[in-house]
Amino acid sequence: MPATRLDTKYDTRIAVRSRRSTVSFACELVASLIVVAAVLEGIFLWAGIGEQEYLKPDSATGYSPMPGKRVTWRQEGFSQSLFNSQGMRDREIASDRDARSLRIAILGDSYVESLQVQQEDSFCQVLEKELNTTCRQAHCRVLNYGVSAYNLGQMYLRLKELAVKMHPDLVILGLRIDQSPQLDANPRGGFLFARPTFTVDAQGNLRRDDSLMQRWNQSWDGKRIKATSWLREHSRIWGVISQSLSSLNMTKKNTFVERPYTEQWPVVDGLLAAIEQLCDQHHCTLMIAALPGPGAEHNLGQLNLLRRSASKLNISLVDPLPAFDEALRSKRNLFFTWHMNEAGHRLLAQQILPVVKASLHLPVVSPAAETQSIRDTATK
Amino acid sequence: MLFNSVAYLIFFPVVLSIYWLAPAKLRRLILLVASYYFYMSWLRIYGLLLFALTAANFAIGLWLSGSEQAKKTILVCGLAVNLGTLCFFKYTGFLLSSAFGCFSALAPDAAPGSMPALNIVLPLGISFFAFEFIHYLTDIYRGHKPITNPVDFALFAAFFPSQIAGPIKRYQDFMHQLAEPSRLASSDIERGVTLLVQGLFKKVALSDNLAPLVQAGFHHAATVGAADAWLSTLAFAWQIYFDFSGYTDMGRGSAILLGFSLPDNFNFPYLAANLSDFWKRWHISLSTWLRDYLYIPLGGARLGRARKHLNLITTMLLGGLWHGAAWHYVVWGAFHGAGLVVCHEYGELVKRSRTLTRFHASFTGMTASTALTFATVLVGWVFFRAETVRQAIELLGHHFQPAPSGQIIHLLWQSPLPAALTLYCLYILLSRRRLAGFEAGWQPALPGVTDKPCSRGQPCSTSATAPELTGIGLAASAARIWKSAVNSVWRNLPVRIAVYAGSFLAAIGFCPTHAEPFIYFQF
């Protein structure tokens, strides 16, 4: 039977009703998702979930922490911290300073950043408390410039771009000796390896190369990170999704093979010389603290090279390894899995303290009294 | 491959798609292949053991049904094969170490310095499928028809949603479902997805976050203070519930999406009014198995009071031993056996006393019974979780020791658990089915006493006091208003989709860095 005008009208009404119900379904779904997302963001904020995305691309150093970012760290140990307006895991710092105050800038990687312990339990803060307890002449402020996975090249750039502006009196480089310097360019390393690389030319001059960083910025990963920067900074749901995807990627094998540390050492020497020169220009003293890893087997070859380099440049070197080895022998637990726990941080502060005081020409009391003082600080 | 792993997230949708897209006559085979793949993803050699036991039980089942004279002998052979395999893998080490311990105690000079090491790897799920085989052979002995199709039998044995940690299926239910044409309604899809997401959240967000608190308490049993001791015990009670019921939910959800229905294993067990009620709510498939294939064959309650008590204790003792080859499991089982005896005796007392009957039917009575039952179960859990009987006794002693505490409370505040628990409570309040189950779940069930128990929110016809009635009435009105609000919102499919997506994301978010193994995998 041919379709009548009535049939056509009825079909049209069905189609319109169907379109409306699809649209209404879609609107209800979107509205419900927004409500659920809002509730989830609130719950995640309360629980400190999805707060591990805290690094952003940085044209100077490759990446740096997001200013003002709240981070709850549970991957190893536990901490809750707020990065200050300069992207440091520290309280706010005024650029001007009191003439009587002393500033100590500590640069390093995750060992210095120490997200595994609360801020007040990190060796930076323990050191600061101890300096202010035992020394009445001046108010000391220890500035934590540590950033996870930073190599010596990035520490140099962070010092140059950020730390020197705070006019530190002493700069301490916290250098790990349980792992290689990681100065080689790793094109398949992802976000944390998209950083300026340094080489030393035939004349012994330090050369900076940003090509890896630029290539990464133009890659799909780099564009994705830039495009989602607002979400990474503000959304905990995005943090959860991102973290889950990263843990999936971590199951992929990393086939990059670094050169032995001995072959990378000329670059280390070049960077140390550049840092030393920078500190000279800004009238601050430079010091190196060798940081041990969790195992008893340290890379003594690397430590010896570091000693030689420090001696050549007339830089003080603190070696806390004997103290850590002694603690290990007496079965004291100083590490979580990879990073120091509260006890490890206290021991490190205790080892660094006398050398810091000597560098700043502060009165040195007996080591036993200082150890007791640090222990008292810990139990308060 | 765990239900909460990425591998299962890929495996299950692939199997689901192939299963429903394939012609109906191939579906059983597909499911069988998938089940063996799932099982062998742990250790390939396990597949051979499962296959061998399946073949043996299939043959014994047919032989049993075809033979009239030697039925008992054949059954005994079948039981020997299954129990022998189970005992070899599970109890050899335990028996030898216990014997070695006795020998060392009695003749310390003659005993060697240490026991020779045995490397017997316990095949996953062996306790569960051994019990399913025993049920199968016993039911055939009792006159039920055997499964004649080897593929069907192999699928019953290897069905992956219930393979590793139950629920322990009954072959008659399973075959009945296999015989029906496969069908997947939209309500089944929703139910399956709900159970999967719910189970995942219980396991990764709740159970895994409770694990560090439990570990800290039991590891330091010798030094914890009272608060920490109570916290870690309570934490374990909830850890094991969320872990096991979460696994069961995911298994049941997976089965529903494949068109199968598995028995529920839990019914708000911590709302039980007595121990007998508890065992009707906790690991239901195991407790019914023990009742049907151990307690009743031993004589049940038919041979007098003393024999009934002995049968109860024996059943629970063996049930404890089933959980693990260690003395603290035996003590746990014996504790529950003794508890059930006391429960039954008290039930008889209540039957004879009108005062006690009225008390237990009242709101106060119900609350007191529930609290006392929970406390009793908690004591049992300490033995269950501890590594030795000594550690359990030590920790129990510390429940009343005013030593300094704080480590576990400290861990609790550092963990995302408070937020996860709040979200879970919100989910229960929003979910109509869970809310209805919660209301129905809290009903007293004294053994043989009340025929028509009072339910919460309903005025009791016996001795409820006026304040109780007013309170109950107000609570009932509030509950009705909340239910109608929830129903009106929940009716919309977009709302449900958004909640499921949010729940899945919440489960991922709350998942700790280090995943804990399923507790019942060790059994």
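Okay, let's start with one residue: Phe268(B) is buried, with a relative accessible area of 15%. It counts as buried because the cut-off is under 20% relative accessible area. Before I go on, keep in mind that we're looking at a predicted model.

So where is this phenylalanine? Phe268(B) sits in the loop between helix H10 (226-257) and helix H11 (275-278) of chain B. What about its backbone? Phe268(B) isn't a glycine, yet its phi is positive, at about 45°.

Now hop over to chain A for another residue of that kind. His167(A) is also not a glycine, and its phi is positive too, near 50°. You'll find His167(A) in the loop between helix H4 (152-161) and strand E7 (170-176) of chain A. Is His167(A) buried or partly exposed? With a relative accessible area of 46%, His167(A) is partly exposed, because that label covers values between the 20% and 50% cut-offs.

Back to chain B for a peptide bond. Going from Gly166(B) to Pro167(B), the bond is cis, and omega is near 5°. Pro167(B) belongs to the loop between helix H7 (160-163) and helix H8 (171-179) of chain B.

Let's zoom out to chain B as a whole. How many helices and strands does chain B have? There are 22 helices and zero strands. Of the 523 residues in chain B, 52% are buried. And if you take the contacts in chain B with a separation of 6 or more, 77% of them link residues 24 or more positions apart.

Last stop, the surface. There's a nonpolar patch here with residues from both chains, among them Ile241(A), Leu245(A) and Leu248(A) along with Val6(B), Ile18(B) and Phe504(B). Together, the members of the patch have about 760 Å² of accessible area. Which helices supply at least two residues each? Those are helix H8 (236-249) of chain A and helix H1 (6-21) of chain B. H1(B) gives the largest share, with five residues.

Pick out Ile241(A) on your screen: this isoleucine is in helix H8 of chain A. Ile241(A) is partly exposed, with a relative accessible area of 32%, so it clears the cut-off of over 30% for joining a patch.

Technical notes. Residues are numbered from 1 along each chain as its sequence is written. Chains are lettered from A and ligands numbered from 1 in the order in which they are written. This is a predicted model: local features need pLDDT of at least 70, side-chain atom pairs count only at pLDDT 80 or more; totals for chains, interfaces and linings use all residues. Side-chain values use heavy atoms; hydrogens and water are left out. Helices (H or I, at least four residues) and strands (E, at least two) are DSSP runs, numbered from the N terminus. Buried means under 20% relative accessible area, exposed over 50%, partly exposed in between (1.4 Å probe, protein chains only). Contact means heavy atoms within 4.5 Å. Patches are made of residues with over 30% relative accessible area and no salt bridge: like charges are joined within 9 Å, nonpolar side chains (Val, Leu, Ile, Met, Phe, Trp, Tyr) within 5 Å. Accessible areas come from the Shrake-Rupley method with a 1.4 Å probe; for residues, only the protein chains shown count as cover. A salt bridge is a side-chain nitrogen of Lys or Arg within 4 Å of a carboxyl oxygen of Asp or Glu.
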